[in-house]
There are 2 protein chains.
Amino acid sequence: MNLKELSELLNLSQTTVSRALNGFPEVSERTRERVQKAAKQNNYAPNKAARGLATGQALSIGHVISTTNQNEMVNPVFGDFVAGVGEVYSKHGYKMLLSIVPPGEDEYQVYRELKAQSTVDAVVVQSPSVDDGRIEFLNKLGIPFIVHGRASECKVPYAWLDVNNRSAFVRATDFLHDLGHRRIALLNGREHMDFAHRRQQGYESSLSSHGIKIDPSIMFSSDMTESYGYQRTAELLKSDNPPTAILTASIIVALGARRAVQQAGLTVGQDISIVTHDDRLSYFHNTADVPMFTATKSSVREAGQRLAELLIQMIANPNMKPPTELLEVELTIGNSTGPAPAN
Amino acid sequence: MNLKELSELLNLSQTTVSRALNGFPEVSERTRERVQKAAKQNNYAPNKAARGLATGQALSIGHVISTTNQNEMVNPVFGDFVAGVGEVYSKHGYKMLLSIVPPGEDEYQVYRELKAQSTVDAVVVQSPSVDDGRIEFLNKLGIPFIVHGRASECKVPYAWLDVNNRSAFVRATDFLHDLGHRRIALLNGREHMDFAHRRQQGYESSLSSHGIKIDPSIMFSSDMTESYGYQRTAELLKSDNPPTAILTASIIVALGARRAVQQAGLTVGQDISIVTHDDRLSYFHNTADVPMFTATKSSVREAGQRLAELLIQMIANPNMKPPTELLEVELTIGNSTGPAPAN
DNA sequence: AATATTTTCCAAAGCGCTTTGGAAAACTCA
DNA sequence: TGAGTTTTCCAAAGCGCTTTGGAAAATATT
């Protein structure tokens, strides 16, 4: 069923039917109701391509995921982020267009094509690195976009929504310091990723403000896997001067760290404290009465929702200045921390 | 730059330019090269809406994810599956269209709209339940689709690609039996999910064939979270008649189980054996020289790739009978299993 | 009753592409 | 050389929608 058929069925012109459905004022309520009812009954909906062609809008938002950079899909955060974003898209009639860049192909070329083909109205940039080139590129290309995270070294204005990773890790480190910990290890994500870079800044800033010297030998940076948490922690525990506390970048890493601690016959929260960042992923409920881990929490799903809202505002209002938003984390005390051992 | 402008630039008709770019034979090689070069230089690509309108093809494939059914996005497998699928889509010029159904809204209505609007050429059905209604619905709706998994109770023919979950769990259980284990617990996924249902069948079938009575008190079914693995295992270990081996549905659950075992002061692979299914997610490398867990392995990413290829074949060839494909798993021996304790 | 104003509707253009049905040009062959 | 073939190209229709510019009908104003 297309517009022509529907209008013939109703003995109306295509214009009137279109206007009735799109809420234009120059059609009587009686007619509008009649049209809407018929559309529903006949399961009519305007052809997306035709509508897009006529209006110049794609009603789609692009997410380009590169797998050459293997880290992207290592990202367990992806599912929850997409769920948050997509929910809001749906409410506003937008579709999410996911483009996976196969290994060996050029991510920028994908953006160029999206632009040339008018496939999307805007794009979302995920997992920015410290000096992410996509921001400058997309600005030049002239396609509206928003970044989930930031790129520290990028000084031009652009739209972003980020968690305050720096303050989160300041607070986490301060918290451990208050418990008497003086030797605190850091199991960070890859350091070229902006979020990891900022967390490290927070960690170092807190230590410095308490007069503790920064010791690169207990600071690590890697993909955030369980075995990474396990390996580094096991090594640390065996070292000459083991830490009394560990700061990890994700629950997965924290699980690995905990495994190493237990295997060493020590108790988490007594012999060794662990604080982790927690993206509140739906399959890691760190939310018992007393949570498993003391954590800086921030829901990646809610971040996605908010980011989508900002982006849709930008599309509706192309001349607005790029919005930015910084989300603060919540520090929740769980079972994984306690006073530094007397020693 | 659109087709008209490009053709004027080249002093050719739009037809000729279009044909040159789309590989039609009735244009000379010299002209074709000239056109292709100009297109590249001017960064021309055909407008997607216009092309879709003219050809009747959307060049998009839909994935509809319902969040009312919270389990879907709890699914940590999502990211890797999408990566596999998307890679293949890209190679064939397809885009992936992700539609998140917000809580409280009707998933079927989303499919109806996709159909009415001709937004997609086909859809992928993920995470089918035992009696999944989507299969019958989509058959009636008349939109090509393929299921990742199967629906045991659905008897009409439909396209699917699945892992042989039954045989996987037969093998895993047999393996434990061969090691002398007689009391084997099952930490399954939600039982209405088809994959979980089939795994349970495999488990039960193996036990029965060895004359072991099935004991529902050591069989569990839940969302596959770490704390689920931990809780159930902790309880099992405290029970009167604890198992000597545990079969888990995912690495995440296995990690929880391992935590409980260690906390009870026991050793995995000695006091208690664990076998898990492993979807080979990119952020859980269970691939050391000797892997952490003995596991039935099957890459969800590769499954996605293969499934995408099947679906694209179906689109190209609408009358083919629905393809089906069953992937066998690999059983790899890791550190988490050993002979049943003498006792 | 005649005119002005508002409400209600429509015909047709245009969005950018593909594709049909030919025409012109170039080439064969008798 | 003239008729038939092939190669090379084009004008124009059509995909299904939105939207412009008016016309007809209904209502208000003098």
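This is a predicted model: local features need pLDDT of at least 70, side-chain atom pairs count only at pLDDT 80 or more; totals for chains, interfaces and linings use all residues.
A phosphate oxygen of DNA strand D sits 3.1 Å from an N or O atom in the side chain of N22(A).

**DNA strand D**

- R19(B) reaches a base, with a polar side-chain atom 3.2 Å from a base nitrogen of DNA strand D.
- Sugar or phosphate makes up 56% of the atoms of DNA strand D within 4 Å of the protein, and bases make up the rest.
- Helices α2 and α4 of chain A and α2 and α4 of chain B each supply at least two residues of the surface near DNA strand D.
- That surface near DNA strand D consists of nine nonpolar, 13 polar and four charged residues.

**DNA strand C**

- Of the atoms of DNA strand C that come within 4 Å of the protein, 56% belong to sugar and phosphate.
- Two residues of chain B approach phosphate oxygens of DNA strand C: Y44(B) through a polar side-chain atom at 2.9 Å, and N47(B) through a polar backbone atom at 3.2 Å.
- T15(B) approaches a base instead, as an N or O atom in its side chain is 3.2 Å from a base oxygen of DNA strand C.
- The surface near DNA strand C takes at least two residues from each of α2 (14-21) and α4 (48-55) of chain A, and from each of α2 (14-21) and α4 of chain B.
- By class, the surface near DNA strand C holds nine nonpolar, 13 polar and four charged residues.

**Interface of chains A and B**

- Contact between the chains involves 52 residues of chain B and 52 residues of chain A.
- The two chains bury about 4,700 Å² between them, with 63% of that area on carbon and sulfur atoms.
- Six residue pairs are in polar contact between chain B and chain A, both residues being at pLDDT 80 or more.
- On the side of chain B that touches chain A, at least two residues come from each of α4 (48-55), α5 (71-74), α6 (78-91), β2 (95-101), α7 (107-116), α11 (226-238) and α12 (251-263).
- Helix α6(B) gives the largest share of that side, nine residues.
- The side of chain B that touches chain A divides into 24 nonpolar, 18 polar and ten charged residues.
- Strand β2 (residues 95-101) of chain A pairs with β2(B) in the antiparallel sense, over three bridges.
- Within this pairing M96(A) stands opposite L98(B).

**Salt bridges**

- One salt bridge joins the side chains of R280(A) and E330(A), at 3.8 Å from N to O.
- This pair links distant parts of the chain, 50 residues apart: R280(A) is in the loop between β9 (273-278) and β10 (294-297) of chain A, and E330(A) is in strand β12 (residues 330-332).

Definitions and conventions: Residues are numbered from 1 along each chain as its sequence is written. Chains are lettered from A and ligands numbered from 1 in the order in which they are written. Side-chain values use heavy atoms; hydrogens and water are left out. Contact means heavy atoms within 4.5 Å. Buried area is the accessible area (1.4 Å probe) that two parts lose on being put together, summed over both. A polar contact is a pair of N or O atoms within 3.5 Å; within protein, one must be able to donate a hydrogen and the other to accept it, and residues adjacent in sequence count only if both atoms are side-chain atoms. Helices (H or I, at least four residues) and strands (E, at least two) are DSSP runs, numbered from the N terminus. Ala, Val, Leu, Ile, Met, Phe, Trp, Tyr, Cys and Pro count as nonpolar, Asp, Glu, Lys and Arg as charged, and the others, Gly among them, as polar. Two strands pair if DSSP finds at least two bridges between them. A residue is near a molecule or strand if one of its heavy atoms lies within 4 Å of it. A salt bridge is a side-chain nitrogen of Lys or Arg within 4 Å of a carboxyl oxygen of Asp or Glu.
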